[in-house]
Amino acid sequence: MELEPGAGGEGRGAGGQNVNPSPAPRPSPPPFELASHSPAETEALGERLGRILTGGEIIALIGPLGAGKTVFVRGLARALGCPPEEVASPTYVLERVYPGRLVLRHLDAYRLSGAGEFETSDLGAGLGAAGAVAAVEWADRVAGAMPAGALEIVFEVTGDAERRIRLAAGSDPGRRLLERLAAGE
Ligand SMILES: Nc1ncnc2c1ncn2[C@@H]1O[C@H](COP(=O)(O)OP(=O)(O)OP(=O)(O)O)[C@@H](O)[C@H]1O
Ligand SMILES: [Mg+2]
């Protein structure tokens, strides 16, 4: 797995007198990208992330059919002490729940019409609850219902067994998780 620090790019601005007493807003967490060369590598990335989750995280998984979203969730499940062999795309049931060290909620928005349906169904309830991790496949279909602080993981198919995986965080805790992942934890 090749780890490439993201382009980042957001400068911290020129030095000099800070006329604003409130702390400067932190730049968005720098997204970073990885190249996965096999399903096993993608699952291993999910497992690495799963190991450092503490509950309350929401993981928005984005990418086309067969991109590797479910493979990634299998890795999460393994790390959370949930049975990975039971993890399958929850497309027909919209959600599967796996008890483990943390509860893993595996959701799939593929068949939903949009954020409204997500919010009015039970699916959106309890997102971000302590003691649970929510992994949402096709999160871009319900983007308006995804909390701003969610971790976003975008999968791009770049070859038969190649995937480009881009990770970004919308909150400081998420940023810290990604920093730990990027550091090889
Ligand atoms: N590097 C890779 N990472 C992940 N999966 C890969 C990779 N290379 C090949 N694959 C294959 O791609 C498929 C990914 O399937 P998966 O069910 O995870 O996709 P998905 O994104 O969840 O799709 P869907 O939207 O249909 O649920 C599997 O058949 C897997 O073996
Ligand atoms: Mg899937």
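Buried residues account for 38% of the 185 residues in the protein chain; a residue is buried if 20 or more other C-beta atoms, placed from the backbone, lie within 10 Å of its own, exposed if 12 or fewer, and partly exposed in between. The model is predicted: local features need pLDDT of at least 70 and side-chain atom pairs count only at pLDDT 80 or more, whereas totals for chains, interfaces and linings use all residues. Residues are numbered from 1 along each chain as its sequence is written, and chains are lettered from A and ligands numbered from 1 in the order in which they are written.

**Overall architecture**

The protein chain contains four helices and eight strands. Helices (H or I, at least four residues) and strands (E, at least two) are DSSP runs, numbered from the N terminus. Their order from the N terminus is β-β-α-β-α-β-β-α-β-β-β-α. Two residues are in contact if their C-beta atoms, placed from the backbone, lie within 7 Å. Of the contacts in the protein chain between residues at least 6 apart in sequence, 69% join residues at least 24 apart.

**Strand pairing**

Two strands pair if DSSP finds at least two bridges between them.

| Strand pair | Bridges | Direction |
|---|---|---|
| β3 and β7 | four bridges | parallel |
| β7 and β8 | seven bridges | antiparallel |
| β2 and β8 | five bridges | antiparallel |

In β7, V154 is the bridge partner of I62. Strands β7 and β8 are joined by a hairpin through five residues. In β8, I165 lies opposite F155, and L167 lies opposite I153. R166 in β8 stands opposite E33. Five of the seven residues of β8 are buried, so this strand is largely enclosed by the rest of the structure.

**Nonpolar core**

A nonpolar core is a set of buried Ala, Val, Leu, Ile, Met, Phe, Trp, Tyr and Cys residues joined through C-beta atoms within 7 Å. The largest such core has 45 residues, of which I59, A60, L76, A135, V136 and I153 touch the most other members. At least two residues of this core come from each of α1, β3 (58–62), α2, β5 (103–108), β6 (132–137), β7, β8 and α4. Helix α2 supplies the largest share, seven residues. When its neighbours within four places in sequence are left aside, I153 is in contact with I59, A60, L61, I62, F72, I165 and L167.

**Helix α4**

Helix α4 spans residues 172–182, and its buried residues include G174, L177, L178 and L181. Seen down the axis of α4, the buried residues fall within an arc of 95°, so they line one face of the helix; the arc is that of the directions from the helix axis to the C-beta atoms. An α-helix has 3.6 residues a turn, so residues three or four places apart point the same way. The buried residues of α4 pack against β2 (32–36), α1, β7 (151–157) and β8 (163–169). After α4 comes G184, which has a positive phi near 95°.

**Individual residues**

W138 is found in the loop between β6 and β7. Its phi is near 60°, a positive value in a residue other than glycine. Most residues other than glycine have a negative phi. W138 counts as buried because 21 C-beta neighbours lie inside 10 Å.

A44 belongs to helix α1. A44 is partly exposed because 18 other C-beta atoms lie within 10 Å. The C-alpha atoms of A44 and R74 are separated by 9.0 Å, although these residues are 30 residues apart along the chain.

A residue is near a molecule or strand if its C-beta atom, placed from the backbone, lies within 6 Å of it. There are 18 residues around ligand 1, and T42, G68, K69, T70 and S89 come nearest. The elements that give two or more residues to this shell are α1 (39–51) and α2 (69–80). By class, the shell has five nonpolar, nine polar and four charged residues. Ala, Val, Leu, Ile, Met, Phe, Trp, Tyr, Cys and Pro count as nonpolar, Asp, Glu, Lys and Arg as charged, and the others, Gly among them, as polar.
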